[in-house]
Amino acid sequence: VDAAPTEFEAEHASEPDVSLDPRLLRGISLHRSLRDLGRVWKTAPSKLREVDHAFLSRRVTQVDGFDVFLSHTWQTSGRLKVWALLLRTGWPCILILWCFFNVMAASLYVAELLPYHTWYYDTSYNFAGWVPHGLWMRAAAILAVLMGLAVAPYRCSSEICFVDVVSINQADPRLTRLGVYGLEGFLSKSKELRVLWSPPLLSRLWCIFELAAFRKANPSGQVVLAPLYVETMIGMVMMGLIVIMITFMLAQILAWGEFGYISTAFSLLPILPLVHYVRRTLREKRRLVAALESFDLHEAGCSTDFDREFIHARISEWYGSPEAFTEYVRGPLFRELAGPLSGIQVPIAYWALIAAIETSSLLEFQMSYYLGGAPWDTLLSQFLASVLASVLWRVVCLTLSLNLCDWCSARSSLTIDLLKSFLVWILTCGILYVSMVLDFICQRGGPLTAALNALAAIFVAFLSLGGWNWLCRGRR
C-alpha cells in the first residue's frame with residue numbers, strides 16, 4: 001500500500017483511529033529483512049531518507065497476517081539485532097556447509113591433493129611413527145561459518161514478519177499515523193510476539209504497549225522472549241574458538257615437537273579475554289530479571305505526551321489501571337518469561353555449531369593418523385577418545401565455564417572484576433586440561449577404554465545440556 005485510502009485522508013488529528021484497514025497489512029520474510037547486510041534494521045524510521053523509503057517499498061509485500069511480530073527498540077544497535085537474527089536463522093546453513101566442506105577436505109586429503117604444513121612423531125594404541133599434519137579441516141570449519149552466514153539471508157522462507165520500519169508505511173505521515181495507532185490490529189493478526197530484548201526495551205512505552213496489546217488482542221498467541229545477549233555471547237564463543245584454532249595452528253608451526261605443551265598453553269590464552277567479555281555480557285541477564293521484577297509503567301519513556309496519554313488510556317481500558325498492568329508484568333508475565341533465565345539457556349542448535357567447530361580441529365589429528373598408516377583399531381581409539389569424547393567433554397567444560405561466568409557476572413570494582421575473570425579462566429583451563437589428559441589415557445588404552453570414555457562423555461553432556469531437567473519433568 002503506497003497511498004492512503006480515500007476515506008482515511010479525512011481522519012482528524014485529535015483522536016487516533018485504533019482500527020486497522022486490512023489493506024495496511026504489509027510484511028516481510030525474516031530472511032529477506034537480513035539481506036543487503038541487514039539494511040532494514042540499521043536506520044530508525046525517524047532518520048529515513050527518500051532513498052531509504054524507495055528501498056523499503058521494494059522489500060515489503062501485502063499479507064493477510066503475520067507469523068511473527070518482532071518487538072524491538074531502535075535505541076539498540078541494528079548490527080546487534082542483525083547478528084542475532086542471522087545466527088537464529090543461519091545455523092542450518094552453517095551446519096550443512098560444515099558437513100560439505102569437511103567431507104571435501106577429507107576426500108582431498110585421502111587423494112593426497114592437499115599439502116601438509118608439518119610432520120610430527122606420535123605414539124598411540126598399537127601405533128608409533130611419523131604422521132603428517134595439515135590445517136585444512138580447520139579451514140573448512142572457518143569457511144563454513146563465514147559462507148553459512150553469508151548465504152543464510154537468501155534461503156527461501158515462508159515466515160512472514162511484522163517489522164515496524166517496513167510494515168508501517170513511513171513515507172506518508174497519514175499512513176504512518178494509522179499504522180502506529182493501529183498496532184493493536186497488527187498484533188491481532190500475529191501468531192507470535194517475539195521480543196528482541198535489550199536493556200532499553202522495557203523503558204520504552206511503545207514496546208510495553210506491544211506487550212500489553214498482544215495479550216488482549218491475541219490471547220491464544222505466544223510470547224517469546226529472545227534476549228539479544230544470547231547470540232552476542234555465542235558469537236563471541238564462536239569467534240574465540242576460531243581465534244584459538246588459528247593460534248594453535250601458528251603455535252604448532254612454531255613449536256611442535258618437544259614444545260607441544262607450550263603451544264597448547266599458548267593457544268589457551270585467548271580464553272581469558274573471552275571469559276571477561278562473556279561475564280560482562282551476562283550482566284544483561286541480571287538487568288532483564290531486575291527490569292521485570294521492578295517494572296513500573298510510569299517510568300517508561302515516550303517521545304510525546306499525546307502518545308503517553310494514549311498508551312496509558314488503552315492499557316487502563318484493558319487491565320483496569322496502569323497499576324494493575326504493572327502488577328501483571330511483575331507477576332504472571334515475569335513468571336512466564338523469566339523462568340528460562342534462571343540458568344544458562346543456550347539453544348541446542350548453538351551447541352551443535354560450537355561442537356562442529358571443535359570437531360574440525362580434532363578431525364585434523366584423525367586424518368594425520370590415517371595418512372600416517374595407523375591400523376583400524378588405532379583409528380577407532382583415536383576417533384572415540386580424541387574426537388567424539390573430546391568434543392563432548394569440551395562442551396561440558398564450556399557449559400561449566402558459562403555457568404561460572406553467570407555466577408560471577410555481578411558488577412564489582414575493576415580489580416575484583418579482573419580477578420573474577422582470571423579465576424574463571426584458570427578453572428576453565430584446569431577442567432579442559434583434565435579432560436585432555438583423560439582422552440589421552442583412554443586413547444592409548446584401546447577401543448574398549450575409548451568407548452567407555454565416549455559413553456561417559458555422552459551421558460555427562462546430556463545432563464549438562466538440560467537432560468537432568470528433562471528427566472525430572474518426565475518423572476512428574
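Reader: What's the average pLDDT of the protein chain?

Author: This is a predicted model, and the protein chain averages a pLDDT of 87. At least 70 is the score for 92% of the residues.

Reader: Where is confidence lowest, and where is it highest?

Author: Helix α11 (residues 260-267) has the lowest confidence, with a mean of 66. Strand β3 (residues 68-71) has the highest, at 96. I'd also mention residues 1-14, where the pLDDT is below 50. Beyond near neighbours in sequence, that stretch has 29 contacts in the model.

Reader: OK, on to helices. At what angle do α15 and α16 pack?

Author: About 150°, and their axes are 9 Å apart. Helix α15 covers residues 348-371 and helix α16 covers residues 376-407. Angles over 145 degrees count as roughly antiparallel, so α15 is roughly antiparallel to α16.

Reader: Which hand is the crossing of α15 and α16, left or right?

Author: The crossing is right-handed.

Reader: And how do the residues of that contact divide by class?

Author: The contact of α15 with α16 has 15 nonpolar residues, seven polar and two charged.

Reader: Now the other pair. How do α12 and α17 cross?

Author: Helix α12 (residues 271-293) and helix α17 (residues 414-443) cross at roughly 120°, and their axes come within 9 Å. The two helices are therefore oblique to each other. The way α12 passes α17 is a right-handed crossing.

Reader: Which residues in α12 meet α17?

Author: On the α12 side they are Ile271, Leu272, Val275, His276, Arg279 and Arg283. They meet Asp417, Leu418, Lys420, Ser421, Phe422, Val424, Trp425 and Thr428 in α17. By class, this contact of α12 with α17 has seven nonpolar, three polar and four charged residues.

Reader: Changing topic: where is leucine 292? And is leucine 292 buried or exposed?

Author: Leucine 292 is in helix α12. Its relative accessible area is 3%, so leucine 292 is buried.

Reader: What does leucine 292 touch, leaving out residues up to four places away in sequence?

Author: Leucine 292 touches Leu202, Val329, Arg330, Phe334, Leu337 and Ala338.

Reader: And how many residues apart in sequence are leucine 292 and arginine 335?

Author: They are 43 residues apart in sequence. In space, leucine 292 and arginine 335 are 9.5 Å apart, C-alpha to C-alpha.

Key
Residues numbered from 1 in each chain as written. Predicted model: local features only at pLDDT ≥ 70, side-chain atom pairs only at ≥ 80, totals over all residues. Heavy atoms only, no water. Axes fitted to C-alpha atoms, helices over the stretch in contact; angles between N-to-C directions. Helix = DSSP H or I, 4+ residues; strand = E, 2+ residues; numbered from the N terminus. Parallel < 35°, antiparallel > 145°, perpendicular 65-115°, else oblique. Left-handed = near helix turned anticlockwise from the far one by under 90°. Contact = heavy atoms within 4.5 Å. Nonpolar A, V, L, I, M, F, W, Y, C, P; charged D, E, K, R; others polar. pLDDT = per-residue confidence, 0-100. Buried < 20%, exposed > 50% of the residue type's maximum accessible area, 1.4 Å probe, protein only.
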